[in-house]
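Notebook open, structure on screen.

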Amino acid sequence: MPEIKPPVSVAATERFVSVLLPLAVDGAYTYLAGPPGVDLKRGDLVQVPLGTRDYTGVVWETDSDAPQIARAKMRQIGERLDAPPLGGELLDFIGAVADYNMAQAGMVLRMVLPVEEAFRPAKPRKGVRLVDGSKNPPPEGFRITAARKRVLAVAEGGLLWGKADLAQTAGVGIGVVDGLLAGGLFELVDLPAETIAASPDPGHHKVQLLAAQEKAAAVLREKAGGGYSTTLIDGVTGSGKTEVYFEAIAAALEGNRQVLVLLPEIALTTQFLERFEDRFGARPAEWHSDLTPARRRDIWRSVFTGETRVIVGARSALFLAFSELGLIIVDEEHDSAFKQVDRVSYHARDMAILRGYLGKFPVILASATPSVETRVNVTRGKYGSVHLPARFGGQPFPDIRLIDLRENPPERGHWIAPPLVAAMTDVLAEGRQSLLFLNRRGYAPLTLCRKCGHRFVCPDCSSWLVAHRFRRQLQCHQCGLTIPEPRQCPECKTEDSLVACGPGVERIMEEVRARFPVARTVTLSSDLVRSPAEMREKFAGIAAGEFDIIVGTQLIAKGHHFPSLKLVGVIDADLGLGHGDLRASERTFQLLHQVVGRAGREQEPGVGFLQTHMSDHPVMQALAAGDAEGFYAREISGREIAKMPPFGRLASLLVTGRERHRVEDQAKRLAAAAPSQEGVRVLGPAEAPIAMVRGNHRFRLLVKADRAVDLQGYLRGWFDKSGSIRAGVRLSVDIDPQSFL
Ligand code: ADP
Ligand code: ZN
């Protein structure tokens, strides 16, 4: 009898599931459901084959249609991981982030599953312990070197040690411990599981709130117990916003929800962690790019299982797989550090609101200088708001004085104008602190040859090389390229002909030291601190009054509390106004307000000096008059007239590639293919203000649309029609762009 072969068609009972993989591909892949007997659900984490590799992905849809590919090519799900499924809200969030930002869902999943193996059960960690030598003598010929002796001395007493800890304490490499282990002098023992973060206690140390604070806290507490809402808490720095939103956190914890606090800078977290611990009796877990891989894995898992209740983190923490998330706080919500421009471009504040909306829980935005978008959303009634009228101790906001550099220029070759020098002299005599702010790292932004005019520029970017004297280097702030400080001009070969033009913080410090030789000084700039620990130390030193004069970049502008700081001087208040982009005024106002707000938070009132060439500019006038409301009103009506966000919508398209003509050509074709639609204008292409970065040429198109237009829908229709992007050229889409450079 001939053998009967089964038909090659798909059996009626066969099921297909689609699996989203953390890869840069469009959409999910379809697999045969299985293995037999396993009932797969949406959100299950599974191992699947793709090409020659296995990947971990997430079941996206369980009843996919039979795919259009041959049955023989269909592959089956490998295994389902022994882990809880990702929740439906999280999956919806992944899809919505991808849709809104026009990103690949797989790349968003990659932000959710950034740690390989995190969802597999934890392997017990092993420690080492000294074996009783009399029972187990070392093998013949085993040498007890000096290094080994140190390890044995440390481990004496039979304590259980982590290998790395033991090696570090004994001051030896880990190989020395391994050697002793191999020689049988140590044994391996399971280490007890560590808690990642102790549970915060909502009633640990309640603070007596002022009447206005209590009123605001009552509103937030009530919201924290309900469904979706977004609420702005605003009030000058030091008015107690943190103290007030702690009450909302307490309410969420009492309701058994997890809490996420987003901060714009890791540098801010230390003081925050300490305050949180004072209030709740335990430190929250931190999430940012500086964690060790092991720590990342532990935290990811503990958030996923719900063991960790509160996370404080940078924007990427928004993509953690919380199991019971019930409140997100976005502190300093106006800060542009919440915007990521990358494979997936997104604004963490806006995506936090999206996550709250999908998960039906409240979101709180805190700021002393809210973004125009948020202010307008409050006016429109989309967000609620609570307001704190004054600083906790009753100190007034520092008096702000303008120093018009046209009338009061610094002496030649100097940068601190006479009135500021005089004020600093007085503050120093009183034994109080001064802070000079300049948002520019390094010594000087440009080096040129006095003889031939040669300027040092980056070969790969349209950018000057910034002189860093402390490190004796020139550096490109676009791509990071560094070269040793040159001694002669590469063009005309003249020796000692190079001059530094303009100031950076290092140069301001040089002037400070020359003018105030007895003052104790410190420079704070991200490139001058080697580690977060060193940064913390410097901040603590300032808070403790160990320095008289501080010179810093924007690192110093945010969040820190320096009790004895009296004076803030801004070296170049006009710096941010130069680019003239949509938010130049807003950002300058926020930054200067924030940095001046560091002064006079305790004891007597503080004072701020702004050195400016544009003393008539509305931003300078509003700051000097303490008229924030006037500033916002003017800014908002300007945006409304120009139909700029939030009264219109923007998307930026950036076309990049190594060959300029190809890039330009692609950008032009793209523009030519733009469908015409009422309420949409496509501007450009134009060469980007920073025309080249890392050897890639850049052209920009800007899409401006009325608020009612479905901007993403328009872009999708356009890209479908315009055909594929040419080889060697890349198109990146940025919805709600913040940078136009
Ligand atoms: P903001 O977040 O608005 O800058 P903070 O919450 O940091 O303000 O408060 C500023 C300072 O005042 C902090 O040191 C804080 O502990 C203190 N503070 C604010 N409100 C109170 C209060 N009701 N009781 C005690 N200290 C308070
Ligand atoms: Zn460069």
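This is a predicted model: local features need pLDDT of at least 70, side-chain atom pairs count only at pLDDT 80 or more; totals for chains, interfaces and linings use all residues.

**Entry 1**

I found an open sheet of 7 strands, with parallel pairing, and wrote down the order β11-β12-β10-β13-β16-β9-β17. Next I checked the edges: β11 (285-287) and β17 (384-387) sit there, and each has a single partner strand, so one side of each has no neighbour in the sheet.

**Entry 2: one pair of strands**

I zoomed in on β9, which covers residues 229-234. How many bridges join β9 to β17? I got 4, and the two strands run parallel. For a landmark I noted Asp234, which stands opposite His387 in β17.

**Entry 3: two helices**

On to the helices. To describe two packed helices, you give the angle between their axes and the distance between the axes. My pair is α1 (residues 88-101) and α2 (residues 105-112), whose axes come within 8 Å and cross at roughly 130 degrees. That angle makes α1 oblique to α2, because roughly antiparallel would need an angle over 145 degrees. I also jotted down the handedness: α1 passes α2 in a right-handed crossing.

Which residues make the contact? From α1 I listed Leu90, Ile94, Val97 and Ala98, and from α2 Ala105, Val108, Leu109 and Val112. Sorting the residues of this contact between α1 and α2 gave me 8 nonpolar, no polar and no charged.

Technical notes. Residues are numbered from 1 along each chain as its sequence is written. Chains are lettered from A and ligands numbered from 1 in the order in which they are written. Side-chain values use heavy atoms; hydrogens and water are left out. Axes are lines fitted to C-alpha atoms, for helices over the stretch in contact, and angles run from 0 to 180 degrees between N-to-C directions. Angles under 35 degrees count as roughly parallel, over 145 as roughly antiparallel, 65 to 115 as roughly perpendicular and the rest as oblique. A crossing is left-handed if the near helix is turned anticlockwise from the far one by less than a right angle, and right-handed if clockwise. Contact means heavy atoms within 4.5 Å. Ala, Val, Leu, Ile, Met, Phe, Trp, Tyr, Cys and Pro count as nonpolar, Asp, Glu, Lys and Arg as charged, and the others, Gly among them, as polar. Two strands pair if DSSP finds at least two bridges between them.
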